[in-house]
Amino acid sequence: MDDEALVRSGLRLILGTAPDIEVVAECSGAAAVDTVLGSRADVVLLDIRMPDADGLSVLRQLRAAPRSPAVAMLTTFDVQEYLAAALRAGAAGFLLKDTDPEQLVRAVRTLAQGGSVLDPAVTRAVIGGYLAAEAEATAAEAVEALTPREREVLALLGEGLANPQIAERMGLAPSTVKDHVRAVLGKLGGLNRVQAAIVADRAGLVSSRPPIGGPR
C-alpha cells in the first residue's frame, strides 16, 4: 500500500512475474486497512509515511486484526525516526522502495512463510533506534541465558529464515523448530521475529547478513 501510483504499479509488475505470488489488491493509504482486511492478504507492503494516512497507525490496526497479515514497511533513508516505532508495532520487516526486483520477490516469499526481512541498508538505523544502551545490555544478558541450541535458532532468525528453512538447516522437524522459536522469543521478553533478529545481529550471532529474504 503506497501513495505513489508509480511505486504501486512497479510493485505489482515485479511481483506479478512470480508464478507463486498473487497480488490481490493495491490502494492508497486512506483505504489501506479496509482493503487489506477485505482481501485477506497474507503479506502487505506498507509505506511507512503517507500524506493521507499514518503508516504506523495502519500497521497497528492490521496487527490488531483477528487474521493479521505479515506487514513489511517500505521506507527511504529519511524516515529513521519511524523505524523503531514500526518495529515495536509489529512490523515483520523493512524494505527500501528501490529494492532489487529479485530480492523483493524473495522477501515476499519469506514473509509468507513466517520469516522476517531487513534490508541491510536500514539495519543500522533500525538497531540504533530500537536498542538503546540499557536495552542492549538486557538483550545481551537474555542471549547468554539461552541454551546452545536456542542460540543457534536465534542466529538463524537473525538471517531472516522462516521455520521451514530453519528446520531444513538444522535437520529438525518443523514442530520442534516451532517450539524452539517460541522458547527463544519468550526468553527474550516476548519479542517478535524481527526484534529477535536485531538482537541476534547485535549479539554477534550473525556473521554476515544474507540477501533480503534469506539465502537462495
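**Reading salt bridges in a predicted model**

Colleague: Which residue forms a salt bridge with Arg149?

Modeller: Arg149 forms one with Glu152, with the closest N and O atoms 3.7 Å apart. A salt bridge is a side-chain nitrogen of Lys or Arg within 4 Å of a carboxyl oxygen of Asp or Glu. Side chains of opposite charge can pair when their charged atoms come close. This is a predicted model: local features need pLDDT of at least 70, side-chain atom pairs count only at pLDDT 80 or more, and totals for chains, interfaces and linings use all residues. Residues are numbered from 1 along each chain as its sequence is written, and side-chain values use heavy atoms, leaving out hydrogens and water.

Colleague: Where do Arg149 and Glu152 lie?

Modeller: Both are in helix H8 (residues 148-158), three residues apart, about one turn of the helix. Helices are DSSP runs (H or I, at least four residues), numbered from the N terminus.

Colleague: Which salt bridge links distant parts of the chain?

Modeller: Lys187 and Glu150 meet in a salt bridge, 2.8 Å from N to O. Lys187 sits in helix H10 (residues 174-187) and Glu150 in helix H8, 37 residues apart.

Colleague: Is Glu150 buried or exposed?

Modeller: Buried means under 20% relative accessible area, exposed over 50%, partly exposed in between (1.4 Å probe, protein chains only). Glu150 is buried, at 7%.

Colleague: How many salt bridges does the structure hold?

Modeller: Ten. One of them joins Arg169 and Glu159, with N and O 3.2 Å apart at the closest. Arg169 lies in helix H9 (residues 163-170) and Glu159 in the loop between H8 and H9, so the pair ties together parts ten residues apart in sequence.

Conventions:
Helices (H or I, at least four residues) and strands (E, at least two) are DSSP runs, numbered from the N terminus.
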